[in-house]
Amino acid sequence: MVHPITQESPDQVMLLMGNEAIARGIIEAGASIAAAYPGNPSSDIVDTLAKAAKNLDMHVEWSVNEKVALEVAAAAAMTGLRGVSAMKQNGLNVACDFLLNLNLSGIRGGLVLVICDDPSGISSTNEQDSRLYAKMGELPLLEPSTFQEAKDMTREAFELSEKLGLPVLLHSVTRLSHARGNVTLGPLPGPKGKPSFDRSRPFVNVPAPANAHRRLKEKIERCRDIFESSPRNFYQGPERPDVMLITTGAGLFYSLEGVEALGLDVQVGILKVGTTFPLPSRFLLKHLKKAQQVVFVEEGAPFLESGVKELYAEHAAGLPSISFLGKAEGALPQVGELNPDVMIRLLGRLLDCPRETRPESYEHGIRAAVDELVPDRDLAFCAGCPHRATYWAIKQALALDGRNGFVCGDIGCYGMGGGPAGWSQMNTMQAMGSGAGVAAGMGQLTNMGLDQPVVAICGDSTFYHAAIPALINARQHGSNFLFLVLDNDATAMTGFQPHPGLGTTATGQAAPPVAIGDLCRAMGYPVDMCDPYDLKATTDAIMRGLEHEGPQVLILKRTCALVAARQGIPPGRVILDTDRCIGENCGCGRMCTSAFRCPGLGWDPVTKTARIDQAICTGCGVCTRICPTGALKTEATS
Amino acid sequence: MVQHSFGKLNNDVVGNNLCTACGACAGLCPHFGSYKDRVAPLHECTQPLGACEEACPRMPSDPEALVRAAAPQEMITQEMGPVRRLWVTRAKDEDIRNRGQHGGTVTALAAFALEQGLVDAWIMARSHDSLSGVPTVCRTRAQVQACAGTKLTSVPVVGGFLEAAFKDPGRFGVVATPCQCLALAKIKASDHPRLRQAAEKLALVVGLFCGWSFGHRELSRALSGRVDPDDVTGLDIPPSRHQSLEVFIKGRETSVPLSKVTGAVRPACAYCFDMTAEPADLSVGSARLPGGWDEARHWNQTVVRSQMGEDLLERANAAGILTLQEPPEGALEKLKTAAAGKKRTALKNLAQLSKNPDDLLYLPRGFGKSLSSTEHGA
């Protein structure tokens with residue numbers, strides 16, 4: 001069956017998620033390689049392409065990490081074809097060393113790097129505005145505002161990239177990537193050319209990187225010229241606005257909503273900029289001439305804001321006196337996402353037409369209702385999640401070890417182990433692979449008097465992504481720590497994309513699996529393996545690891561419960577022998593629901609016994625191992 | 001403010017370094033756990049008066065009251081509890097003597113009691129690795145013999161007993177150190193329904209003399225460099241004037257100055273008042289004989305405390321299992337002096353810990369007041 005995203009029906013209107021619109025733009029542009037490492041809010045772009053790949057003349061892969069993904073995609077652009085990579089903000093940090101060299105060496109084909117930022121860090125460990133990389137790398141930056149633009153500007157980004165011989169950055173945010181809107185499709189591309197590498201024009205910046213830098217400066221000035229006439233930049237509103245909103249990306253909708261809500265379209269103009277680096281100076285100066293009060297509306301850092309202010313400072317002599325408001329002045333919040341209420345309040349204040357966006361009494365009412373009706377719920381692991389069992393074993397082992405051992409953590413579902421879900425057992429979390437790296441350093445401090453055992457944890461996908469260099473480093477320098485790989489056969493947090501251990505690719509091709517245990521043994525680590533569902537064996541294995549002198553690896557292998565369910569692995573069935581359940585009484589004290597707290601378990605206040613929610617329970621049976629009286633037991637299901 | 005039992009054990013016992021790792025709490029409740037010679041609180045529990053608190057030998061109790069019923073009043077001593085008789089004993093079976101510590105009395109008695117049906121199983125400490133042990137349920141002579149030999153690190157035997165008692169039918173005997181004997185006595189005396197359930201299964205307690213025990217990790221560290229801890233097959237502590245720890249390494253024997261390992265002694269042992277395992281049916285330790293250590297190391301001395309203990313010893317003697325000898329003159333007095341010395345040290349240390357001479361933490365106010373304040377050491 002043909003995937004709908006690949007249909008050849010120009011002018012047809014499809015309801016697309018922002019990320020799907022970007023994927024369609026990539027298809028219309030005829031990219032030959034799409035490579036990425038998953039990370040929300042970017043994952044759906046390559047997920048969509050992977051699903052459609054069999055209808056496309058395109059290599060689509062989930063790469064081992066973002067740097068490798070960008071390198072793989074760049075190969076297409078080094079041989080005259082088009083390549084694309086998509087990543088979240090943290091991913092760009094991983095890829096940026098390559099990117100900030102490729103800007104100087106340039107490309108021959110088209111290379112587009114889609115960056116999806118996550119204001120407020122809704123599905124992230126940080127909040128960052130990746131647009132600053134455009135300025136640092138002196139690379140063209142496009143910021144679509146609408147779903148149609150998401151598709152069209154993606155296609156245009158390839159054309160621009162080829163025109164300039166530079167990678168082009170396309171920037172999105174959660175509210176564009178994950179929302180849906182109508183998109184009118186364009187035509188599909190014709191046949192692609194044959195890739196060829198021209199050895200006479202190598203991509204090498206040395207021996208004189210400054211010369212390459214000079215060429216980059218020339219390219220970016222040409223780019224500015226192109227942007228001067230871009231239809232992605234426009235002004236709408238009165239000729240002499242009382243307030244001019246200068247906006248980009250998702251800020252456009254917040255601006256439109258604010259103006260519409262207050263009926264201000266005769267007083268407020270909107271200057272929408274889709275090409276935010278390099279800024280089209282002549283275009284901006286022309287419109288600044290009619291402004292007296294400017295408000296910048298953009299997600300993230302005051303990026304457009306500082307660029308325009310800089311421009312104004314350089315050309316102030318020929319411009320009216322303008323007062324600027326934005327994030328720098330604190331008129332808009334400097335952290336977290338924007339929302340329409342922020343705009344409505346600000347415009348109401350500026351133009352003296354205040355509108356209560358949400359009555360306080362309403363807000364109090366809602367809070368009271370929530371307090372009364374909604375039970376407190378922590379972030380929790382799914383029923384049957386092997387990580388819950390792993391953290392239980394870690395907690396037991398560290399307590400029994402008695403030396404106040406701690407856990408250097410990493411990014412993945414198991415990152416919730418820093419909170420109640422994992423009994424606060426995970427104690428550091430920064431970048432992908434940082435658990436191993438930080439532990440490699442901590443493991444040196446054990447030789448200097450740090451008398452607490454050091455544990456690092458890392459998921460399977462994260463292991464391949466960034467833990468390997470840290471492990472090699474630790475091995476070389478004899479760091480003393482226990483490395484736990486939480487191998488659940490999945491890149492679970494981002495949506496179950498394949499990784500190198502799984503024997504398959506993004507497009508479902510068989511691939512030789514790269515075994516974590518083999519890699520660790522090859523690095524010289526003693527490797528132990530156990531099933532985290534077996535709490536006793538896991539606790540004992542961790543205890544052994546803590547007592548052992550020197551670095552070692554323990555692989556905790558158990559398929560993610562969601563993957564197991566998808567694979568149809570028959571679940572067991574946990575049942576309760578109510579006669580044996582002693583509930584709140586001494587000797588148990590509701591161990592299963594007060595300490596272990598799997599969402600599949602509940603409490604019956606009438607019988608004062610545990611209760612199993614069979615709709616949620618996966619039958620993993622881990623709770624039967626923490627039940628002190630054997631009241632919880634597993635029975636086989638047919 | 002109601003303090004939960006979990007909090008009391010966590011703060012007053014573990015937090016004060018009083019925990020003896022007997023394993024009572026862990027055997028009663030999944031909120032505690034044990035591993036080798038360590039017991040740890042794992043998950044917060046909110047029971048206001050839990051069985052753990054009732055059983056813990058370092059939560060307040062009156063140890064003298066607990067042993068009062070074992071023997072007539074005139075047989076109760078201030079220094080070492082009830083004493084019906086003192087014997088110098090050893091196993092007749094040479095194989096048992098060779099495997100066991102000193103005279104092998106405990107191994108021989110335990111095997112005999114099993115075969116006579118006095119108990120259905122023993123809970124004993126079996127070597128886990130060279131320096132640590134695990135509580136083991138012994139239902140056969142061979143299993144008993146596999147536990148022969150003293151472990152100088154704590155083994156959570158009370159936890160092992162409770163686990164077995166809640167799971168398995170039958171009546172159990174326990175071979176226990178003094179702190180563990182106190183836990184077992186508290187379990188027997190308690191009205192707590194969970195403890196009554198376990199107490200019904202407790203038939204016999206053989207106590208072991210104990211001066212102190214080592215922390216496993218600390219001993220391992222103290223020995224490393226001198227011997228490979230993994231090669232150690234046994235340990236012994238000769239009378240105190242030798243000031244040494246005997247270490248047996250695969251058939252050969254070496255001696256480590258006691259001063260090199262005293263830092264590895266469990267801090268909790270400094271607060272223990274009982275050298276001779278007072279709340280037991282029989283208590284067994286190393287003998288002191290006129291021929292010195294070379295002779296004494298092949299014998300035990302056994303204190304008969306309860307009627308049941310007396311019956312067992314008599315039956316074993318009649319069956320030709322044990323050799324019983326009258327102790328040398330003054331042996332009981334020497335033992336009392338040593339036991340009183342341990343009591344005085346413990347009381348001093350407890351008062352120091354509480355920063356109040358009248359507050360003995362887990363012991364009743366005025367405990368040991370009547371001990372004479374002269375003389376020293378065995």
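Tutor: The answer below begins with the contact between the chains and then turns to other parts.

This is a predicted model, in which local features need pLDDT of at least 70 and side-chain atom pairs count only at pLDDT 80 or more, while totals for chains, interfaces and linings use all residues. Residues are numbered from 1 along each chain as its sequence is written, chains are lettered from A and ligands numbered from 1 in the order in which they are written, and side-chain values use heavy atoms, with hydrogens and water left out.

The contact (heavy atoms within 4.5 Å) draws 21 residues from chain A and 20 residues from chain B. Together the two chains bury about 1,600 Å², of which 58% is on carbon and sulfur atoms; buried area is the accessible area (1.4 Å probe) that two parts lose on being put together, summed over both. On the side of chain A, the most area is lost by L400(A), E547(A) and C586(A), together 37% of what that side buries.

Nine residue pairs are in polar contact across the interface, both residues at pLDDT 80 or more. A polar contact is a pair of N or O atoms within 3.5 Å; within protein, one must be able to donate a hydrogen and the other to accept it, and residues adjacent in sequence count only if both atoms are side-chain atoms. The elements of chain A that give two or more residues to this side are α14 (386-401), α18 (535-547) and α20 (591-596). Helices (H or I, at least four residues) and strands (E, at least two) are DSSP runs, numbered from the N terminus. With six residues, α14(A) gives the most. By type, the residues of this side of chain A are ten nonpolar, four polar and seven charged, where Ala, Val, Leu, Ile, Met, Phe, Trp, Tyr, Cys and Pro count as nonpolar, Asp, Glu, Lys and Arg as charged, and the others, Gly among them, as polar.

Four salt bridges are counted between chain A and chain B, a salt bridge being a side-chain nitrogen of Lys or Arg within 4 Å of a carboxyl oxygen of Asp or Glu. In one of them, D401(A) and R217(B) meet at 2.9 Å, N to O. This pair runs from helix α14 of chain A to helix α11 of chain B, and both D401(A) and R217(B) are buried; buried means under 20% relative accessible area, exposed over 50%, and partly exposed in between (1.4 Å probe, protein chains only).

R217(B) also meets E547(A) in a salt bridge, at 3.7 Å, N to O. E547(A) forms another salt bridge with R38(B), where the closest N and O atoms are 3.2 Å apart. That pair crosses from helix α18 of chain A to strand β2 (residues 38-41) of chain B. E547(A) is partly exposed, with a relative accessible area of 26%, whereas R38(B) is buried, at 13%. These residues belong to a network of salt bridges that links D401(A), R403(A), E547(A), K36(B), R38(B), D129(B) and R217(B).

Helix α11 (residues 216-223) of chain B also holds S220(B). This serine is partly exposed, with a relative accessible area of 21%. Not counting residues up to four places away in sequence, S220(B) touches L131(B) and P229(B).

Within chain A there is also a salt bridge between the side chains of E584(A) and K608(A), at 3.6 Å, N to O. E584(A) lies in the loop between β20 (573-576) and α20, and K608(A) in the loop between β21 (601-604) and β22 (609-612), so the pair ties together parts that are 24 residues apart in sequence. E584(A) is partly exposed at 35% relative accessibility, and K608(A) is partly exposed at 44%.

Helix α10 (residues 281-288) of chain A is largely enclosed by the rest of the structure, because six of its eight residues are buried. The buried residues are S281(A), F283(A), L284(A), L285(A), H287(A) and L288(A).

Helix α12 (residues 340-350) of chain A has V342(A), M343(A), I344(A), L346(A), L347(A) and G348(A) as its buried residues. Its N-terminal end is capped by N339(A), with a side-chain oxygen 3.0 Å from the backbone nitrogen of D341(A). L347(A) has a relative accessible area of 0%.
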